[in-house]
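The following paragraphs walk through a helical packing arrangement and then some backbone details. Please keep the structure in view while reading.

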Amino acid sequence: MATPKVHIARHQHCGCILCGRCCRRFHVRLTEAEVTRLQALDWGTEPDVPRDFVHRLHGQAYFRRRADGGCVFLDGQTGACRMHARFGFDAKALTCRGYPHNLASTWRDEVSVVARLDCPAVQQDAGRPLESGRRQIERLVEELGTRGGFTVRQLDGLSREAVERLTRALVGLIEDYHNESPGTLAYALFLLATRCQTLGATFLNDLETLETVLPSLLGAVRNEAATRPAGRFGRLSRILFREWLAAACRRDEELVRPSLAVRLRRSAALAAYAVGAGSLRTMGQEHPDLSLRRVGLFAGGAGWEPSSPAAWESFRGLLVARLEGPQFFGVAYYGEPFFTGLRALLQSYPLVLAAARTHAAARSVRCIETPDVHYAVGAIDHSLGRSPLLQWRLWRQVEEYFAGPRYGRLLKALGWD
Ligand code: SF4
Ligand code: SF4
């Protein structure tokens, strides 16, 4: 079998800052072969080595976690992995070696690698370029054996050339709008994607015609994005948006003992949030503990100062990495087709805005700044295509509900930044 070609995100950087977040938040899944291999590691006379490190849940093996959520191998003092420190990087489980990379099979025998923005080092875009870890990444790809490629259904009838031309046009728009507000950018991207979908696969696959019409399409999108949409954003829409935000922020994976009672409590908290009560903290430890009422999600931009475009760099980074991957449909998004995944990626803006506002309000400031966007991008990227809850088709219907004219009204109701 041919070695897959590996495409690594061009602009991303990552240098682990040993924050330990990944070792506190996730259930790290182990294969039985890994359990056997790790049990055989010779720790010599090292004290307090966790020998009983396997936790079984529904027949699947995971690393056991302490009551504070940390993996039993996480050194609380240094923030480093004890297994890594003692035996080196290669000794660790595949999932541990993989993070923060997201590996996705794209075209047949090609694999795309982007860095996850729920890792603080990636949010800060600090450290070495992702490309510098190519050897390690290629070993991971080989071990995972992921290479099947998009299916015909996932491509929505589009040719590879059309997919690449459309994603290039969207990335071009992000670069052109570098100094624009993120809301205007998000709206313009959404309008462009919607118009392209309306044109249909046969039209889009005709690259010569597509090249001819793209400039006028982009011009029309720019004009439309410059005007704020009219219309009411009703009560049902507000409930659905809050529910969607809460679902994207829900972190059942951080529960050390995810009993039925605990899950039911979280579901009740989600329902309460949808009708305007509670705080995002009930969805997960990483979220601000501020009552939703004090955030004033639908107060428009009233009382908020506009943030600088520079504060939104990590949001633009998320869009570019996912678009260039392409990691927004297929295996990267619940096996969904191109336009469904594209819509979900571009619709991440109102979720990021709402989360960033919540974070800023919890800091008692009325302007979204870089740390607020970092938190929000991490929170939403975490769930984009990876959430056990949002994988249900019902949520595609919520995304669909906010497509079309309602999307612009949603941005307006939130008071886009
Ligand atoms: S979350 Fe990122 S920065 Fe923090 S320990 Fe994990 S890899 Fe390192
Ligand atoms: S084994 Fe090490 S890298 Fe993996 S979750 Fe535990 S502490 Fe983190």
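Angles between axes that are under 35 degrees count as roughly parallel, those over 145 as roughly antiparallel, those from 65 to 115 as roughly perpendicular, and the rest as oblique. In this predicted model, the axes of α16 and α17 cross at roughly 130° and come within 8 Å. The two helices α16 and α17 are therefore oblique to each other, and the crossing of α16 past α17 is right-handed. On the α16 side the contact includes Leu351, Val352, Ala355 and His359, and on the α17 side it includes Asp372, Tyr375, Val377 and Ile380. The residues of this contact comprise 11 nonpolar, 2 polar and 1 charged.

Both α16 (348-362) and α17 (370-383) are also among the helices against which the buried residues of α11 pack. Other partners of α11 include α12 (260-274) and α18 (393-401). Helix α11 covers residues 235-249 and spans 21 Å from its first C-alpha to its last, close to the 21 Å expected. Because 11 of its 15 residues are buried, α11 is largely enclosed by the rest of the structure. Among the buried residues are Phe241, Arg242, Trp244 and Cys249.

The peptide bond from Tyr99 to Pro100 is cis, with omega near 5°, and Pro100 sits in the loop between α4 and β6. A cis peptide bond also joins Gly325 to Pro326, with omega near -15°; Pro326 belongs to the loop between α14 and α15.

His58, in the loop between β4 and β5, is not a glycine but has a positive phi of about 50°. His58 is exposed, at a relative accessible area of 80%. Asp109, in the loop between β6 and β7, has a phi near 60° and is partly exposed, at 26%.

Methods:
Residues are numbered from 1 along each chain as its sequence is written. Chains are lettered from A and ligands numbered from 1 in the order in which they are written. This is a predicted model: local features need pLDDT of at least 70, side-chain atom pairs count only at pLDDT 80 or more; totals for chains, interfaces and linings use all residues. Side-chain values use heavy atoms; hydrogens and water are left out. Helices (H or I, at least four residues) and strands (E, at least two) are DSSP runs, numbered from the N terminus. The expected span of a helix is 1.5 Å times one less than its number of residues. Buried means under 20% relative accessible area, exposed over 50%, partly exposed in between (1.4 Å probe, protein chains only). Contact means heavy atoms within 4.5 Å. Axes are lines fitted to C-alpha atoms, for helices over the stretch in contact, and angles run from 0 to 180 degrees between N-to-C directions. A crossing is left-handed if the near helix is turned anticlockwise from the far one by less than a right angle, and right-handed if clockwise. Ala, Val, Leu, Ile, Met, Phe, Trp, Tyr, Cys and Pro count as nonpolar, Asp, Glu, Lys and Arg as charged, and the others, Gly among them, as polar.
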